[in-house]
Protein chains: 2
Amino acid sequence: MPSLHRAPTKGSLETKERIFDAAEALFMDQGFSTTSLRAITAKAKVNLAAVNYHFGSKEALIREVFDRSLGPLNGARMAQLDRLEAAAGGNPVAIDKIVEALVSPALHVSHDPLKRGAAFLRLLGRALSEPAEYMRAFLPAHYRDVVVRFRRALSLALPNLSEAELTWRMHFTFGAMAYSMAGTDAVELFTTPDDAGVDDAEAIVQRLIPFLVAGLKSPTPKSRATRSVEPSARKVA
Amino acid sequence: MPSLHRAPTKGSLETKERIFDAAEALFMDQGFSTTSLRAITAKAKVNLAAVNYHFGSKEALIREVFDRSLGPLNGARMAQLDRLEAAAGGNPVAIDKIVEALVSPALHVSHDPLKRGAAFLRLLGRALSEPAEYMRAFLPAHYRDVVVRFRRALSLALPNLSEAELTWRMHFTFGAMAYSMAGTDAVELFTTPDDAGVDDAEAIVQRLIPFLVAGLKSPTPKSRATRSVEPSARKVA
DNA sequence: TGACGTTTGAAATGTTTGTTTGGAACCCAG
DNA sequence: CTGGGTTCCAAACAAACATTTCAAACGTCA
C-alpha cells in the first residue's frame with residue numbers, strides 16, 4: 001500500500017484545476033447538459049479520460065464545481081446575517097441590510113482572481129433553471145439553511161406580512177437575483193444592446209438591492225387578509 | 001401534382017397535435033436540449049419519425065411550439081397597452097396598469113384548455129435561460145417590439161429615471177417574471193413545500209404585480225442623477 | 001538504481017442522440 | 001378497381017456522447 005493521501009507529485013493538481021476552471025467557464029455560458037466532457041477537456045487541454053479519473057463522472061464534476069463555491073458563498077451570507085442580528089440584539093434587522101446580506105456576498109465570494117466570483121454567479125443562476133435531476137438533488141441541500149435563516153429574519157422585519165405572502169416575495173426575490181446573474185445572454189438582446197457592462201457585478205447589486213427592498217416592503221395587494229377561508233394546508237407533498 | 005394543401009385525411013392533425021402537446025409538456029419541465037425526440041414521441045404515442053416528418057427537425061418543432069403561443073401572448077400585451085395609452089390620451093399611463101398589461105396577458109394567452117396557458121408560461125420562462133443558440137436567434141425577434149413599447153411607456157410614467165436605470169429595472173422585472181413562471185421546480189424545494197399551489201397562475205400574477213410596481217417606483221439608489229455625462233444615445237441598434 | 005503507486009495518453013467500449021430510409025397502410029379521385 | 005398522394009411504421013444510420021481499458025510516462029521512496 002502506498003503512502004495514503006500523499007501530496008500529488010507533478011501536474012496533478014494543476015490538471016484538476018484546469019479541468020475545474022474550464023468546466024466552470026463552459027457550464028456558465030452553455031449550461032450543463034449541453035456542455036460535453038470533450039469540450040471541457042479540449043478547453044483545459046487535458047486528456048478526455050482525465051475527468052473521469054479525477055472526478056469519477058460528469059455529475060461528480062458538476063457537484064464539485066458547486067460545492068467549491070456555493071459553500072463559501074452561503075457561508076458568507078449567513079455570517080453577514082449573523083453579524084446583523086447580533087448588532088440588532090433581538091430587534092428586527094433593517095430590510096435593506098438583510099437583502100444586502102443575501103445579495104452582496106455574491107460579489108466577494110472568494111479571494112480568487114475576482115473573475116471567478118462573477119463567473120460562478122452566472123453559473124449558479126443558470127443552475128436554478130436547469131432541468132437536470134441531480135441539480136434538484138443537492139442544490140436545495142445547500143440552500144435550505146440559507147432560506148430558513150433569511151425567511152426568519154425577513155418575517156421579523158416584515159411583521160404584517162403573512163407567511164404565504166412572504167414565500168411569494170422571497171420567490172420573486174430569488175428570481176430576480178438568479179436571473180440577473182444568469183440572464184445576460186438572453187436579456188441584453190432584447191433590452192438595449194449597449195448599456196452599462198453586465199459583467200460589472202457591483203453595479204448590478206447596487207441597483208438590485210433597492211429594487212428588491214421596495215418590492216418586499218410593498219403593501220399587501222388588497223389587504224384581502226385571508227382571501228377565502230384559508231385553504232388549510234392542502235396535500236402536504 | 002396532387003391537390004395542394006388538401007385537408008389531411010386521417011389522424012394527421014391529430015398526430016401533429018399530440019406531438020405538439022407532448023413536446024410542450026416535456027420541454028416545460030426538462031428543458032430543450034435535455035428532452036429527446038424519443039421521449040417526445042413516446043409520450044405522444046407516435047412513431048419516432050413522425051417529428052421529422054411533420055416538423056422537419058427538432059429545432060423547427062421548438063420554433064413552432066413558441067410561435068404558436070408567443071405570438072398571441074405578446075399581441076395581447078401590446079393590445080392591452082394600446083388601450084391604456086388611448087385611454088390616457090397623451091398622459092403617462094399608471095405604472096401598475098403597465099405592469100399588469102405586461103404580466104396578466106400571460107394568463108389569458110389563449111382560449112385553449114387554459115392549462116396550456118400556464119404550461120407555456122413555464123416553457124417561456126425556461127427558454128429565457130436556455131443556452132441553445134437557436135433560442136437566442138428567434139426569441140428576441142418575438143420580444144423586441146414588446147420591450148420597446150413597454151420601455152417607452154415606463155419611461156413616460158417614470159420620468160425621473162435614467163435610461164440606464166430603467167434598463168436595469170426592466171431587467172429585474174423580466175427576471176422575476178420569467179423565474180416565477182419557470183422556477184417552480186427549483187424554488188418549491190427550498191422555500192416551504194406546502195404553500196399555495198404554484199400552478200395557480202392567477203395567484204402568482206396578483207402577488208407579482210405589486211412587487212414589481214414597488215420595485216420600479218423605488219427611489220434611485222443615491223440620486224446620483226446622471227452618473228457621468230449621459231452617454232447620449234450611442235448606436236441606436 | 002529499481003520497484004511501486006500515481007498520473008497521463010490514445011484507442012475502443014457501449015449507449016444515446018437526431019435524422020433518414022423503404023415499404024406498408026391509408027384515403028380519395030378518376 | 002386502380003393510381004397517386006399522404007401518412008405511418010420498424011429499422012437502420014452516422015454522429016456525439018460518457019465511460020472504460022491498458023500501456024506508457026512520471027515521481028517518489030526504499
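This is a predicted model: local features need pLDDT of at least 70, side-chain atom pairs count only at pLDDT 80 or more; totals for chains, interfaces and linings use all residues.
Two packed helices are described by the angle between their axes and the distance between the axes. For helix α4 (residues 58-88) and helix α5 (residues 95-103) of chain B, the axes come within 8 Å and cross at roughly 155°. Because angles over 145 degrees count as roughly antiparallel, α4(B) is roughly antiparallel to α5(B). The crossing of these two helices, α4(B) and α5(B), is right-handed.

On the α4(A) side the contact is made by Arg77(A), Gln80(A), Leu81(A) and Leu84(A), which meet Lys97(A), Ile98(A), Glu100(A), Ala101(A) and Leu102(A) of α5(A). By class, five nonpolar, one polar and three charged residues take part in the contact of α4(A) with α5(A).

Helix α4 of chain A also holds Asn74(A). With a relative accessibility of 4%, Asn74(A) counts as buried. Leaving aside residues up to four places away in sequence, Asn74(A) touches His142(A), Tyr143(A) and Val146(A). The C-alpha atoms of Asn74(A) and Val147(A) are separated by 9.9 Å, although these residues are 73 residues apart along the chain.

A further buried position is Thr173(A), at 4% relative accessibility. Thr173(A) belongs to helix α8 (residues 163-182) of chain A. Its contacts, not counting residues up to four places away in sequence, are Leu102(A), Leu212(A), Leu216(A) and, from chain B, Phe211(B).

Charged pairs form another part of the picture, with 18 salt bridges over all chains. Arg18(A) and Glu14(A) form one of these, with their closest N and O atoms 3.3 Å apart. Both residues lie in helix α1 (residues 12-30) of chain A, four residues apart, or about one turn of the helix. Arg18(A) is partly exposed at a relative accessible area of 33%, while Glu14(A) is exposed at 51%. Glu17(A), Asp21(A) and Arg68(A) are linked in a network of salt bridges.

Arg151(A) pairs with Glu163(A) in a salt bridge whose closest N and O atoms are 2.7 Å apart. Arg151(A) lies in helix α7 (residues 133-157) and Glu163(A) in helix α8 of chain A, so the pair ties together parts that are twelve residues apart in sequence. Arg151(A) counts as buried at 12% relative accessibility, whereas Glu163(A) is partly exposed at 43%.

Glu165(B) forms a salt bridge with Arg207(A), the closest N and O atoms lying 2.9 Å apart. Since Glu165(B) is in helix α8 (residues 163-182) of chain B and Arg207(A) is in helix α10 (residues 201-217) of chain A, the pair joins two chains. Both Glu165(B) and Arg207(A) are buried.

Finally, the backbone of Lys45 deserves attention in each chain. Lys45(A) has a phi near 55°, a positive value in a residue other than glycine, and is placed in the loop between α2 (37-44) and α3 (49-54) of chain A. Lys45(A) counts as exposed at 69% relative accessibility. Phi of Lys45(B) is likewise near 55°, and Lys45(B) is exposed, with a relative accessible area of 70%.

Notes: Residues are numbered from 1 along each chain as its sequence is written. Chains are lettered from A and ligands numbered from 1 in the order in which they are written. Side-chain values use heavy atoms; hydrogens and water are left out. Buried means under 20% relative accessible area, exposed over 50%, partly exposed in between (1.4 Å probe, protein chains only). Contact means heavy atoms within 4.5 Å. Ala, Val, Leu, Ile, Met, Phe, Trp, Tyr, Cys and Pro count as nonpolar, Asp, Glu, Lys and Arg as charged, and the others, Gly among them, as polar. Axes are lines fitted to C-alpha atoms, for helices over the stretch in contact, and angles run from 0 to 180 degrees between N-to-C directions. Angles under 35 degrees count as roughly parallel, over 145 as roughly antiparallel, 65 to 115 as roughly perpendicular and the rest as oblique. A crossing is left-handed if the near helix is turned anticlockwise from the far one by less than a right angle, and right-handed if clockwise. A salt bridge is a side-chain nitrogen of Lys or Arg within 4 Å of a carboxyl oxygen of Asp or Glu.
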